Amino acid sequence: MANLTVSYLGLTLRNPIIAASSGLTNSISDIKEFEERGAGAIVLKSIFEEEIRRELEKDLNKMNRANFLYPETMDYYDTYASDDSLTNYLKLISDSKKAVKIPIIASINCVTAEKWPYYAQNLQDAGADALELNIFVMPSDFTKSADENEKVYFNIVKEVKKHVKIPVALKISYYSANLSAFIQNLSNSGIQGLVLFNRFYSPDIDINNYEVLSTNVLSSPKELSISLRWIAIMSGRVGCDLAATTGIHDGAGVIKQLLAGANVVQVASAFYKNGKEQLTNMLDDLTTWMDQKGYKTIDEFHGKMSQAKINNPAAYERMQFMKYFAGKGL
Ligand SMILES: Cc1cc2nc3c(=O)[nH]c(=O)nc-3n(C[C@H](O)[C@H](O)[C@H](O)COP(=O)(O)O)c2cc1C
């Protein structure tokens, strides 16, 4: 039978399917069920930079009121940190490490490199095997250049790396002026993995009540192609591992991303839609396909369909449906 073991962020995973950060990775019972269903690893639901900063500010106010000296070091602040959501998160990490054997990756949603990065060490100390930073700087500030927006990512990596020794992965979006160079530079910034790409709140308008709504909270399999394209383009050209996320709903989606060059995949929506048993189905499909093709290990086909390895590399860069525009395709 096929061996599904892969390496991701220097960790050994029994297979490449990771339960992505979501409301389904926020409790010990769900995490245990993911392990029973076969997950290779878990990314916990994110805590937000704002939660850390809010607590920091609250506690500094408390200290000021009590006529404490302003703390020169974060160690001093640590003595006063007392917040339920942060304490609960550290407990979630340590409890899940006790409850399951698969790797536990903690996650922080962040938008700046200011004040909060010291807190990453607490996640490491609670037992996290790795840290995923979900960074999104919305490029909607007219006064900022593309370089300024992208610099934030590098600053966050630099600051967080000062505080942790565990592997760090960045989960990013595809909003970048020069995406391939951005991904490549990030991959060489000292991180161990890049997760391509996060999926965001999608705005919609209620035309009767003039309200902005959110739509399509869960992805569809049609959304696979964006990360597939970029995993294929970047595979073999980056200095870290690649995880694919968004639109992977079945075994075929997993196989496509591995062929494109992903080391692992991260899945959320398919589990919301079809239950966690979908993970077992995906694994069964992957194993059956590998057996049919005669592959014993994932390494034997990993990246086989990456841009660098196929005969028609332009296929991944084609943007227009020329033959359809010429009326020949449909
Ligand atoms: C309900 C829900 C909650 C999510 N929460 C988080 C989160 O806290 N942090 C994060 O990095 N990603 C979060 N995500 C994004 C997922 O981790 C995943 O990257 C994204 O949904 C794309 O994968 P999918 O197509 O399999 O859903 C969430 C997704 C969903 C659907």
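Colleague: How many residues surround the ligand, and which are the closest?

Modeller: Bearing in mind that this is a predicted model, there are 18 residues around the ligand, and the closest of them are Ser21, Ser46, Ser219, Gly247 and Ser269.

Colleague: How does that shell split by class?

Modeller: The shell around the ligand is made up of 10 polar residues, 6 nonpolar residues and 2 charged residues.

Colleague: OK, and what lies 2.5 Å from an oxygen atom of the ligand?

Modeller: That is a polar side-chain atom of Ser269. For Lys45, a polar side-chain atom is placed 2.9 Å from an oxygen atom of the ligand, and for Thr245 the corresponding distance from a polar side-chain atom to a ligand oxygen atom is 3.0 Å.

Colleague: How much of the ligand does the protein bury?

Modeller: The ligand taken alone exposes 610 Å², and 89% of that is buried by the protein.

Colleague: And which pocket is the space taken by the ligand?

Modeller: The ligand takes up the space of the largest pocket.

Colleague: Changing topic, where is Phe301 found?

Modeller: Phe301 is in the loop that runs between α11 (277-293) and α12 (322-325).

Colleague: Does Phe301 count as buried or exposed, and why?

Modeller: Phe301 counts as buried, because its relative accessibility is 0%, and the cut-off for buried is under 20%.

Colleague: How far apart are Phe301 and Ile255?

Modeller: In sequence, Phe301 and Ile255 are 46 residues apart, while in space their C-alpha atoms are 9.3 Å apart.

Terms used. Residues numbered from 1 in each chain as written. Predicted model: local features only at pLDDT ≥ 70, side-chain atom pairs only at ≥ 80, totals over all residues. Heavy atoms only, no water. Near = heavy atom within 4 Å. Polar contact = N/O pair within 3.5 Å; in protein donor to acceptor, adjacent residues only side chain to side chain. Areas by Shrake-Rupley, 256 points an atom, 1.4 Å probe, with all protein chains shown as cover. 1 Å grid on protein atoms, 1.4 Å probe; cavity = no way out; pocket = protein on both sides within 12 Å on 5 of 7 lines; lining within 4 Å. Sits in = over half its atoms within 2 Å of the grid points. Nonpolar A, V, L, I, M, F, W, Y, C, P; charged D, E, K, R; others polar. Helix = DSSP H or I, 4+ residues; strand = E, 2+ residues; numbered from the N terminus. Buried < 20%, exposed > 50% of the residue type's maximum accessible area, 1.4 Å probe, protein only.
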